[in-house]
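Let us take a walk through this protein model together, from its overall fold down to a few individual residues. Please keep the 3D view open as you read.

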Amino acid sequence: SVLTGPQTQQHLAAGFEIGTRFHSAPVKRLADARPMHLGHAVEADGRWRLFAFAGAEPPAGPSAIRALCDFLAEGPASPMRRFTPAGADPDAVIDLRAVFQQDHRTLEVEAMHPFLLPRKGRHGLKDYEKMFCADPEAGDIFDMRGIDRARGCMVAVRPDQHVAHVLPLNDFDALAAFFGGFMIARR
């Protein structure tokens, strides 16, 4: 269906099989090092989820995750810009979450891309709940779900919590084409 992408990049996240339910795994939230399950960090509220699993490079510097955030924040073809209504929170339609391989003690929240710290609500408060780290003590999500550690990937999850697509972090055209195939651009 148009809500499910082809399995051409399934090897990037073998444990998140396209068309099946999104299986949670343990992570630590970067902002406060709180252990939790990634699937429990999101609510079933009608939004699409875009989980960006970072590659091996440091995420605070030039990296694939930073390039993805640049595209989503500023690119004219960005599905988050094209389909989010004017005046709505930046994650009102598509909610981006990032998962890093590095230990939470080695990353600085404020050094991350500002798109991962969106200002939301009527008071414009920063949302610190968008970034997570692998939790090797409880089970490393990259190992548990067969995520390519060198390249990372994006996993698009439908509002019904089923995996819709798996893409390389740098395949912006495919991401835009996927969401453009069934969503209506804002006016």
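Predicted model: local features only at pLDDT ≥ 70, side-chain atom pairs only at ≥ 80, totals over all residues.

Helices (H or I, at least four residues) and strands (E, at least two) are DSSP runs here, numbered from the N terminus. Residues are numbered from 1 along each chain as its sequence is written, and side-chain values use heavy atoms, with hydrogens and water left out.

**Overall fold**

The protein has four helices and nine strands. Read from the N terminus on, the order of elements is β-β-β-α-α-β-β-β-β-α-β-β-α. The radius of gyration, taken over C-alpha atoms, is 15 Å, close to the 16 Å that the globule rule gives for 187 residues, so the protein is as compact as a globular protein of that length. That rule is 2.2 Å times the number of residues to the power 0.38. Along its principal axes, the C-alpha trace spans about 45 × 40 × 30 Å.

Buried residues (under 20% relative accessible area, with exposed meaning over 50% and partly exposed in between, using a 1.4 Å probe and protein chains only) make up 51% of the 187 residues. The accessible surface, from the Shrake-Rupley method with a 1.4 Å probe, comes to about 8600 Å², and 53% of it belongs to carbon and sulfur atoms. Contact means heavy atoms within 4.5 Å; among contacts between residues at least 6 apart in sequence, 67% join residues at least 24 apart.

**Two cores**

A nonpolar core is a set of buried Ala, Val, Leu, Ile, Met, Phe, Trp, Tyr and Cys residues joined through side-chain atoms within 4.5 Å. The largest one has 35 residues, and those with the most contacts inside it are Leu-72, Leu-96, Phe-100, Leu-175 and Phe-179. Among the elements that each supply at least two residues of this core are strand 3 (48-53), strand 4 (94-100), strand 8 (153-157) and helix 4 (172-180). Helix 1 gives the largest share, five residues. A second, separate core of 24 residues includes Ala-41, Ile-141, Phe-142 and Val-163.

**Helix 4**

Which residues of helix 4 are buried? They are Leu-175, Ala-176, Phe-178 and Phe-179. Seen down the helix axis, these buried residues fall within an arc of 160 degrees, so they line one face of helix 4; the arc is that of the directions from the helix axis to the C-beta atoms. The face turned away from the buried side carries the exposed residues Asp-173 and Ala-177. The buried residues of helix 4 pack against strand 3, helix 1, helix 2, strand 4, strand 8 and strand 9. Leaving out residues up to four places away in sequence, Leu-175 touches Leu-50, Leu-68, Phe-71, Leu-72, Pro-79, Met-154 and Leu-167.

Two strands pair if DSSP finds at least two bridges between them. Strand 3 and strand 8 run antiparallel and are joined by five bridges, with Arg-49 standing opposite Val-157. Strand 8 and strand 9 are also antiparallel, joined by four bridges, and Met-154 has Leu-167 in strand 9 as its bridge partner.

**Loop residues**

The hairpin of strand 8 and strand 9 has five residues between the strands. Arg-158 is found in that loop. Setting aside neighbours within four places in sequence, Arg-158 is in contact with Leu-3, Thr-4, Arg-47, Trp-48 and Ala-164. The C-alpha atoms of Arg-158 and Thr-4 are separated by 8.7 Å, although these residues are 154 residues apart along the chain.

| Residue | Relative accessible area | Class |
|---|---|---|
| Arg-158 | 15% | buried |
| Gln-161 | 12% | buried |
| Ala-33 | 25% | partly exposed |

Gln-161 has a positive phi near 70 degrees, in a residue other than glycine. Ala-33, which is not a glycine either, has a positive phi of about 60 degrees. Ala-33 lies in the loop between strand 1 (26-29) and strand 2 (35-37).
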